[in-house]
Amino acid sequence: MSEISPEGLAEQAERAPRSEPDPGREVGRPRRRSEDARLVSGRTRWTDNLNPAGTLHVAFLRSPHAHARITRVDVAAARRVPGVVAAFGGADLAEEQGSLPCAWTVTEDMKLPAHPPLAVTEARYAGEPVACVVARDRYAAADALEEIDVDYEPLPAVVQMEEALRQGGPLVHQELETNRAYRWVFENGDLDAAFRDAPVLIERRYVQQRLIPTAMEPRAVLCEPDGDDFTLYSATQIPHILRLMLATVTQIPEHRIRVVAPDVGGGFGSKLQVYGEEVLCLLLARRLGRPVKWTESRSEGNMATHHGRDQIQRLTLAAERDGRVRGVKVDLLADMGAYLMLVTPGIPLLGAFMFNGIYKMDAYSFTCTGVFTTKTPTDAYRGAGRPEATFAIERLMDELAAELGLDPIEVRRRNWIGHGEFPYETVAGLTYDSGNYEAATDRALALFEYDKLRAEQADRRERRDVVQLGIGVSTYTEMCGLAPSRVLGSLAYGAGGWEHASVRILPSGKVEVVTGSSAHGQGHETAWAQIAADRLGVPFEDVKVLHGDTAVAPKGMDTYGSRSLAVGGIALYQACDRVVDRARRVAAHLMEASEQDLEFSGGRFAVRGAAAEGPSIQEVALAAFAAHDLPDGVEPSLDADATFDPGNFSFPHGTHLCAVEVDTETGKVRIRSYVAVDDVGHVVNPLIVEGQVHGGLAQGIAQALYEEAVYDADGNLTTTTMADYLVPSAADLPEFVTDRTETPATSNPLGVKGVGEAGTIASTPAVVNAIVDALRHHGVTDVPMPCTPERVWRALRQAFREDPDPNPSAAPGAGGGLGSAGGAR
């Protein structure tokens, strides 16, 4: 790395840009979340808490086979069980259940098989629903499932992507005549020139294991009929999208459907979906004329809630001997699972624009092949394509540093976009509007005490300590604020990315904010109230935020892709300004002044240059309500709304550093210290940002060390319970040191960028780079995720067999090795 003393690093870090909150304003204030009083106590309206009179409960019989032809479904015995009201096989509902939607046709020749909510002729993954029972309580419904008789003809499972693409093998969908869902290609620059005679070529194959989202609240659905109208409550992230898709699938007119997302206990992308259980509850409620409810068990969730990741990455990086990257080639296999769900095919393509990371290069190529397998469908999971891309480029940069004998930080410095080069058009075709990678990195290095840890690492290697120290680096950026409708249109996405907000000032001066973004734990009610309080000059306590109900908030594109603040928050910002504009006209009339002469500050109007204060906006609202003395043509209302569609994504960035201790005798990994310095633009609420970073780190570290959805050779999910699928607790995670730098986004007037996925995107490569760094001097260049003690131990044993006498003189951070670890046999 560059020769900078610890004192110099600290001095640079102190100069890193970051604004201090104004004590007189709400934005920037670390206010505790107002919604936590009900959420943390559980005294709230979760979907499973709702029980209208006469509610019936549905249970689903799920296929025990990964792939099987359904030849007979007999529900007669189930219908005779006491308490059972009805039971159905797929054939009973085939005429009305339609096919679940896919909103992203990524190529013109993409294969899109029909996806019935209840399987009719064939089951294509273990856990797919094949029949259902409706009863007066959930226990009778579950018991009656045992009485359903289904005849299956097992068919060959398709589990491994590379095998699925071989000619002549078994097919997931016989009618498609292929297991390839699509092939999508992006290229920019002269790739042949970049790779021709390149002094350094790094080729690697990485596997992004399949993950199960595991939100705190399982999925739940309740549909309540009222004549020809239906109210569907769902633990969903997307009430507005769900409403439209339910109407499309069932042919029930959209205006007859109301969707409510009550308080929702987490989603992480798993509730960005239109599920068969939602469609079926609606159809069953219509057929039976009674409220119908379903809440999944945790094992059902592991099998039937969509999964995340599951990619094989083949990567080649070309570089000069000085470390400058020439180009990157990416060949990606992405497991779609058995069906293409709402945005399944597009998820890996979101990463297509991020494999270049924060680095400058001449050429770039990305090819993605979507593959059908007989596994649970994949779809969005926290980060959605960007964690996979960031993992790949950050692992490659460490491999390049090792090949050249350079410090990993120095290799990154030689390639990243300088802070004076923004806005910068990347080789992947995006325009990064702002950033300062130097400031974030310098601040992280100072907090981490990087040089001190490198010295300790060298000492441990010299002593051949059984427990080796590794240091991992991740310098990342991401595209979030998933919104620009024109860009989404160019990618053949089935909708836009705008967001809507309305602001109502009541006669008493209190404020109601209606937002189309639908919170499931992000703190919208607090942050949105802070924005509105500042823009309108009213007390925070006078603002109430309404969301998650299509009858209350009829317009919206919902919450995912770290878009809520950068899109929905800006719609609110603009709506507030329109309220002020409407109030200005009334205030000018009341004050007998010109609108152009009025200033608005701190919630009050005043004549510019005059000493006397005018009315507050709340007083103006009362005057508008009374309407006793309004100018001709002025409506007696200050209410306004706005729809915001940004012209660009936003690009948070940062530097994460991780130190791990690896026991070379047992393979055990312990995270000793972790520093995360993120730049998410201007911050509305630092406490919420801190919470989002901590949660994101937990999920990214979990991928690196703990979590994996495992299928056996027959396509059976073997991690169906929390005992089998390891979700880390607080006891499994380290203390985090977090900080921020601040370069405002230029794509919105608040300068905000987004933080919901940053921790997950950055942390996984930081941890894996640290593990490999601890073991590289033994010849270890990769450990497959999750890096369990067994996998670390096996990687070491393999390296020792291939190189039983490593070179003891290699430098820390370089490619070669030191002596054998203590305990090596």
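UniProt positions are given here in the numbering used for this structure, feature names are shortened, and annotations may be inferred rather than shown by experiment. In an unreviewed entry, UniProt lists residues 41-156 as "domain: Aldehyde oxidase/xanthine dehydrogenase a/b hammerhead". The model is predicted, so local features need pLDDT of at least 70 and side-chain atom pairs count only at pLDDT 80 or more, while totals for chains, interfaces and linings use all residues. Residues are numbered from 1 along each chain as its sequence is written, and side-chain values use heavy atoms, with hydrogens and water left out.

Helices (H or I, at least four residues) and strands (E, at least two) are DSSP runs, numbered from the N terminus. The span 41-156 is 17% helix and 30% strand, and its end C-alpha atoms lie 48 Å apart.

Helix H21 covers residues 758-775, 18 residues in total. From first C-alpha to last, H21 reaches 27 Å, close to the 26 Å expected at 1.5 Å a residue; the expected span is 1.5 Å times one less than the number of residues. Because 18 of the 18 residues of H21 are buried, the helix is largely enclosed by the rest of the structure. Buried means under 20% relative accessible area, exposed over 50%, and partly exposed in between (1.4 Å probe, protein chains only).

Leu 482 lies in the loop between strand S18 (467-477) and helix H16 (485-490), and counts as buried at 16% relative accessibility. Leu 482 and Asn 648 are 166 residues apart in sequence, but their C-alpha atoms are 8.9 Å apart in space.

Zero disulfides (pairs of cysteine sulfur atoms within 2.5 Å) were found in a search of the whole structure. The closest cysteine sulfur to that of Cys 223 belongs to Cys 281, at 7.3 Å, too far for a bond. Cys 223 is buried, at 0% relative accessibility, and Cys 576 is also buried, with a relative accessible area of 0%.

A pocket is found on a 1 Å grid over the protein atoms alone, as an open set of points where a 1.4 Å probe fits, with protein on both sides within 12 Å along at least five of seven lines; lining residues have an atom within 4 Å of a point. Grid points are joined across faces, edges and corners, and a volume is the space filled by probe spheres set on the points. The second largest pocket holds about 590 Å³ of space. It is lined by 25 residues, of which Gln 160, Val 207, Gln 209, Asp 310 and Glu 708 are the closest to its centre.
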